[in-house]
Amino acid sequence: MNVKAIAVMASGRGTNLEVILEAMQAGTCPVEVRLVISDKAEAPALAVAKAAGVSTLHLDPKAYADRAHYDAACADAIDSHDCRWIVLAGYMRILSAEFVRRFKGRIVNIHPSILPAFPGAHAVEEALHHGVKISGCTVHLVDEVLDGGPILAQAAVPVLDGDTRDSLHARIQAEEHRLYPATLARMASVGFRLDGRRVVWGGA
Ligand code: GRF
């Protein structure tokens, strides 16, 4: 099987990165994480990558004139590592249109809601305040619309009466940790094509 080289971009704890690395090492996800990029020097995700022996790169946004220049530096690093897919795992910066176009159809994100409900950075709080009874997570391709690209996979969790932002997020993250490696594995092994916005599996 074709092992896909990937770059992971992460700003935070890196628990999704961790489960992807575990699945890679266990042989259940045919990807090779070649590079982990972070905009935050202190991101635990960088330590997770280093512990797994993966190359890391911290690029400070403040050192670049604007978003396009910052993203171009990230893109050059990704290309120099020959990565097929860019996997966003808690990457908290909005990508420039240039970056999205350069890697069209090759950027994947995980978002903590059932899209198209609650896009943006406060999905878990907004779902809770809205009073939905089901939430979950979505793995999707990234296009120029924030959290708006074609949907690869979704998983639902119940919202319980006593939930706080943290308890709901923890329940969603447990599903993320199952869904993200499984979806990347499916992308690598089964392949997919787009029919309009719809992801149709097969053809690898
Ligand atoms: C996840 O909840 C993901 O849905 C969102 O950011 C969070 C990242 O968590 N995009 P982690 O850093 O992988 O633990």
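Colleague: What is the handedness of the crossing of α1 and α2?

Modeller: In this predicted model, the crossing of α1 and α2 is right-handed.

Colleague: Which residues make the contact of α1 with α2?

Modeller: Leu17, Glu18 and Leu21 come from α1. By class, that is 5 nonpolar, no polar and 1 charged.

Colleague: Which residues of α1 meet α6, and how does the contact divide by class?

Modeller: From α1 come Thr15, Asn16, Val19, Ile20 and Ala23. They meet Gln173, Glu176, His177, Tyr180, Pro181 and Leu184 in α6. The classes are 6 nonpolar, 4 polar and 1 charged. The crossing of α1 with α6 is right-handed.

Colleague: Why are α5 and α6 called roughly perpendicular?

Modeller: Helix α5, residues 123–130, packs against α6 at about 115°. The range for roughly perpendicular is 65 to 115 degrees. So α5 and α6 are roughly perpendicular to each other. Their axes are 9 Å apart.

Colleague: Which residues make the contact of α5 and α6?

Modeller: Val124, Glu125 and Leu128 belong to α5. Arg165, Leu168, His169 and Ile172 belong to α6. They divide into 4 nonpolar, 1 polar and 2 charged. Here too the crossing is right-handed.

Colleague: On to the cysteines. How many disulfides does a search of the whole structure find?

Modeller: The search finds 0 disulfides.

Colleague: How do you know that cysteine 74 is too far for a bond?

Modeller: The closest cysteine sulfur is in cysteine 83, 12 Å away. A disulfide needs the sulfur atoms within 2.5 Å. So the sulfur of cysteine 74 is too far for a bond.

Colleague: And what rules out a bond for cysteine 137?

Modeller: The closest cysteine sulfur to that of cysteine 137 is in cysteine 29, 15 Å away. The limit is 2.5 Å. Therefore a bond is out of reach for cysteine 137.

Colleague: Where is cysteine 29, and what does it touch?

Modeller: Cysteine 29 sits in the loop between α1 and β2 (31–38). Leaving out residues up to four places away in sequence, it touches Ala23, Met24, Pro181, Leu184 and Ala185. Cysteine 29 and alanine 185 are 156 residues apart in sequence. In space their C-alpha atoms are 4.6 Å apart.

Colleague: Next, the backbone. What is the phi of aspartate 82?

Modeller: Its phi is near 55°, a positive value in a residue other than glycine. Most residues other than glycine have a negative phi. Aspartate 82 is in the loop between α3 (67–80) and β4 (85–88).

Colleague: Why does aspartate 82 count as exposed?

Modeller: Exposed means over 50% relative accessible area. Aspartate 82 has 60%, so it counts as exposed.

Colleague: Is aspartate 147 buried or exposed?

Modeller: Its relative accessible area is 15%. The cut-off for buried is under 20%. So aspartate 147 is buried. Aspartate 147 also has a positive phi of about 55°, although it is not a glycine. It lies in the loop between β6 (134–141) and β7 (151–158).

Colleague: Which residues does the cis peptide bond join?

Modeller: It joins leucine 115 and proline 116, with omega about 15°. Most peptide bonds are trans. Proline 116 is in the loop between β5 (107–111) and α5.

Note on methods:
Residues numbered from 1 in each chain as written. Predicted model: local features only at pLDDT ≥ 70, side-chain atom pairs only at ≥ 80, totals over all residues. Heavy atoms only, no water. Left-handed = near helix turned anticlockwise from the far one by under 90°. Helix = DSSP H or I, 4+ residues; strand = E, 2+ residues; numbered from the N terminus. Contact = heavy atoms within 4.5 Å. Nonpolar A, V, L, I, M, F, W, Y, C, P; charged D, E, K, R; others polar. Axes fitted to C-alpha atoms, helices over the stretch in contact; angles between N-to-C directions. Parallel < 35°, antiparallel > 145°, perpendicular 65-115°, else oblique. Buried < 20%, exposed > 50% of the residue type's maximum accessible area, 1.4 Å probe, protein only.
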